[in-house]
Amino acid sequence: MKTLKYLFERNFIWSKSVRKREPVFFKNLSKQQAPEYLWIGCSDSRVPANQIVNLPPGEVFVHRNIANVVVHTDLNCLSVIQYAVEVLKVKHIIICGHYGCGGITAALENHEHGLIDNWLRHIKDVIRFNEEQFTGLEHQAKLDLLCELNVKEQVTNVCNTTIVQNAWKQGRKLSVHGWIYNIDNGILKDLESGIASDVMPENEQDD
Ligand code: CO
């Protein structure tokens, strides 16, 4: 029994239109992938990596989870980073958060959600690390700030992985970027918290 027939129909139409535009597109892509970017983003259905940056299949290696968190012991995320950096040799790692993130909202509020509360604990830590920045803010401003601070925290976490540290020690050109996406207007913003290997002080690169 073929379920979700509607989606298979949509897939066929899409595949046909791509092949019509570029007959060898899938044939070429099936031989190899050589993306320049690793995207670490939120699972939110409104934040699809390729569409946001308007890139076709083959251009972005993607990892998504709730609230785009990079946990030091998350083998899933670390495996993605390792494969992207060491095998695919991506040049950029983009951590992309978004305003209006449900995970961020849940972390700021104190309702119980079950298992996911353990995941959200990492975002609660971000509040704890930056407590003074939240004092006196309205609820919405707190939410927006936490969305941004969470991205910055995850940029630090990615930079601190042995994978990225080793790539930099080897002199590899690899940049880590912190971005935020506005679901109200579809616009991306660079939080300018990123770190590029070529701007790292020499003693930090070599030790
Ligand atoms: Co989200």
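The entries run from the overall layout to single residues.

**Basis.** I am working with a predicted model, in which local features need pLDDT of at least 70, side-chain atom pairs count only at pLDDT 80 or more, and totals for chains, interfaces and linings use all residues. Residues are numbered from 1 along each chain as its sequence is written, and side-chain values use heavy atoms, with hydrogens and water left out.

**Overall layout.** Helices (H or I, at least four residues) and strands (E, at least two) are DSSP runs, numbered from the N terminus. The C-alpha trace spans about 55 × 45 × 30 Å along its principal axes. The domain assignment gives domain 1 (1-28) and domain 2 (32-205); such bounds come from an automatic or database domain assignment. Taken over C-alpha atoms, the centres of domain 1 and domain 2 are 31 Å apart.

I then checked burial and found that 41% of the 207 residues count as buried. Buried means under 20% relative accessible area, exposed over 50%, and partly exposed in between (1.4 Å probe, protein chains only). The accessible surface comes to about 12,500 Å², and 52% of it belongs to carbon and sulfur atoms. Accessible areas come from the Shrake-Rupley method with a 1.4 Å probe; for residues, only the protein chains shown count as cover. Of the contacts with a separation of 6 or more, 61% are between residues 24 or more positions apart. Contact means heavy atoms within 4.5 Å.

I checked the accessibility of both: cysteine 42 is buried at 5%, and histidine 98 is buried at 1%. Leaving aside neighbours within four places in sequence, histidine 98 is in contact with several residues, among them Cys42, Asp44, Arg46, Asn68 and Cys147.

**Salt bridges.** I found 5 salt bridges in the structure; the term means a side-chain nitrogen of Lys or Arg within 4 Å of a carboxyl oxygen of Asp or Glu.

- Aspartate 44 and arginine 46 meet at 2.7 Å, N to O. Aspartate 44 is buried at 14% relative accessible area, while arginine 46 is partly exposed at 43%.
- Lysine 91 pairs with glutamate 36, with the closest N and O atoms 3.9 Å apart. This pair links distant parts of the chain, 55 residues apart: lysine 91 is in the loop between helix H4 (75-87) and E3, and glutamate 36 is in the loop between helix H2 (25-31) and E1. Lysine 91 is partly exposed at 41%, and glutamate 36 is partly exposed at 35%.
- Arginine 128 pairs with aspartate 125, with the closest N and O atoms 2.9 Å apart. Both lie in helix H6, 3 residues apart, about one turn of the helix. Aspartate 125 is buried at 18%.

**Leucine 120.** Is leucine 120 buried or exposed? I found leucine 120 buried, with a relative accessible area of 2%, in helix H6 (residues 116-129). Not counting residues up to four places away in sequence, leucine 120 touches Ile66, Gly103, Ala106 and Ala107. The C-alpha atoms of leucine 120 and alanine 107 are separated by 5.5 Å, with the two residues 13 apart along the chain.

**Positive phi.** Most residues other than glycine have a negative phi. I noted a positive phi, near 50 degrees, at leucine 4 and a positive phi, near 50 degrees, at glutamate 192. Leucine 4 is in the segment before helix H1 (5-21) and is exposed at 60%. Glutamate 192 sits in the loop between strand E5 (187-190) and strand E6 (195-196) and is exposed at 71%.
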